[in-house]
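Student: Hey, I've got a model open and want to talk it through. Can we start with how the helices pack?

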Amino acid sequence: MTPTRPGTTETPDTPGTPATGVLDLGPAARQVALLADGVRDDRLSDPTPCPAFAVRNLLAHLVGLSAAFRDAGRKAVGPSTATDPSAVVPDIGPGWRERLRLNLDAMAEVWRDPAAWDGTTQAGGFTLPAAQAGRIALNELVVHGWDLARATGQPYEPDPDAVEASYDLLAPAAHAPAAERGPFGPVVEVPADAPLLDRVVGLSGRDPSWAPVPPSASR
């Protein structure tokens, strides 16, 4: 058995299983749910650090990705896992708050099972190692949690283990060709001694200093 670091569960070193153990998506999922609960209806059309998304679109994206990675963890390949999330700009529908919370809870619970990290699965229309899908799922929560918090003016202090896992996922591809960076834009350079979250945000193609443009300044 391989020793685990904080925030992981020890698991056998089997193919497709991360050597450091099962990452806990729970804290990041709960934080995204709390951020979503804090979004007022009059903020739904506000911009976000994702240029194509207003707040409502970002929330709809979170509804969809939480369902997709829930199903990916179950190896329940189907419409949710086969859909390219960049194909359309999603929008929220009635009951989105409850739906998002339920999806996030289920997603976190599924990935607590070591079996979810074993073998292969599908997400975003791609077949990939399940362990990689689990890391991507956690990174989606960390980065989009930052997007949502920054867009809606809410505080954001993500789980340190989750931030570290995001950095471990993103850093190796920092200088890869654009075609190999997936959905992320060009890296935004930040100081080497910047907080780890700022470095993760920069690696994801976002500017850590991003802030919504005040309505008075956009006129």
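Student: What's the crossing angle of the axes of H2 and H4, roughly?

Tutor: This is a predicted model, so take the values as computed from it. The H2 and H4 axes cross at roughly 30° and come within 8 Å. That makes the two helices, H2 and H4, roughly parallel, since angles under 35 degrees count that way.

Student: And is that crossing left-handed or right-handed?

Tutor: The H2 and H4 crossing is left-handed.

Student: Which residues in H2 meet H4?

Tutor: On the H2 side you've got Leu59, Leu62, Val63, Leu65, Ser66, Ala67, Phe69, Arg70, Gly73 and Arg74. Across from them in H4 are Trp96, Arg99, Leu100, Asn103, Leu104, Ala106, Met107 and Val110. Sorted by class, this H2 and H4 contact has twelve nonpolar, three polar and three charged residues.

Student: OK, what about H1 and H4: at what angle do their axes cross?

Tutor: Roughly 175°, with the axes of H1 and H4 coming within 9 Å. H1 and H4 are therefore roughly antiparallel.

Student: Which residues in H4 meet H1?

Tutor: H4 brings Trp96, Arg97, Leu100, Arg101, Leu104 and Ala108, and they meet Gly26, Ala29, Val32, Ala33, Leu34, Ala36 and Asp37 in H1. By class, the contact of H1 with H4 splits into nine nonpolar, one polar and three charged residues. Trp96, Leu100 and Leu104 of H4 turn up in the H2 contact and in the H1 contact too.

Student: Stepping back, how many helices and strands are there in the chain?

Tutor: Seven helices and four strands. Along the sequence the pattern reads β-β-α-α-α-α-β-β-α-α-α.

Student: How many residues does the largest nonpolar core have?

Tutor: It has 56 residues, and those with the most contacts inside it are Leu25, Leu59, Phe69, Trp111 and Leu148. Among the elements that supply at least two residues each are strand E2 (22-23), helix H1 (26-37), helix H2 (55-74) and helix H4 (96-110). The most comes from H5, with eleven residues.

Student: Why would those side chains end up together?

Tutor: In soluble globular proteins, nonpolar side chains tend to be buried together.

Student: What does Leu148 touch?

Tutor: Setting aside residues up to four places away in sequence, Leu148 touches Val32, Leu35, Ala36, Val39, Val55, Leu58, Leu59 and Leu62.

Student: How much of the chain is buried?

Tutor: Buried residues are 46% of the 219 in the protein chain. As for contacts with a separation of 6 or more, 68% are between residues 24 or more positions apart.

Student: New topic: where is Ala123?

Tutor: Ala123 is in strand E3, residues 120-123. With a relative accessible area of 12%, Ala123 is buried. Beyond its neighbours within four places, Ala123 is in contact with Phe69, Ala72, Thr81 and Leu128.

Student: How far is its C-alpha from that of Ala82?

Tutor: The C-alpha atoms of Ala123 and Ala82 are separated by 6.3 Å, though the two residues are 41 apart along the chain.

Methods. Residues are numbered from 1 along each chain as its sequence is written. This is a predicted model: local features need pLDDT of at least 70, side-chain atom pairs count only at pLDDT 80 or more; totals for chains, interfaces and linings use all residues. Side-chain values use heavy atoms; hydrogens and water are left out. A nonpolar core is a set of buried Ala, Val, Leu, Ile, Met, Phe, Trp, Tyr and Cys residues joined through side-chain atoms within 4.5 Å. Buried means under 20% relative accessible area, exposed over 50%, partly exposed in between (1.4 Å probe, protein chains only). Contact means heavy atoms within 4.5 Å. Axes are lines fitted to C-alpha atoms, for helices over the stretch in contact, and angles run from 0 to 180 degrees between N-to-C directions. Angles under 35 degrees count as roughly parallel, over 145 as roughly antiparallel, 65 to 115 as roughly perpendicular and the rest as oblique. A crossing is left-handed if the near helix is turned anticlockwise from the far one by less than a right angle, and right-handed if clockwise. Ala, Val, Leu, Ile, Met, Phe, Trp, Tyr, Cys and Pro count as nonpolar, Asp, Glu, Lys and Arg as charged, and the others, Gly among them, as polar.
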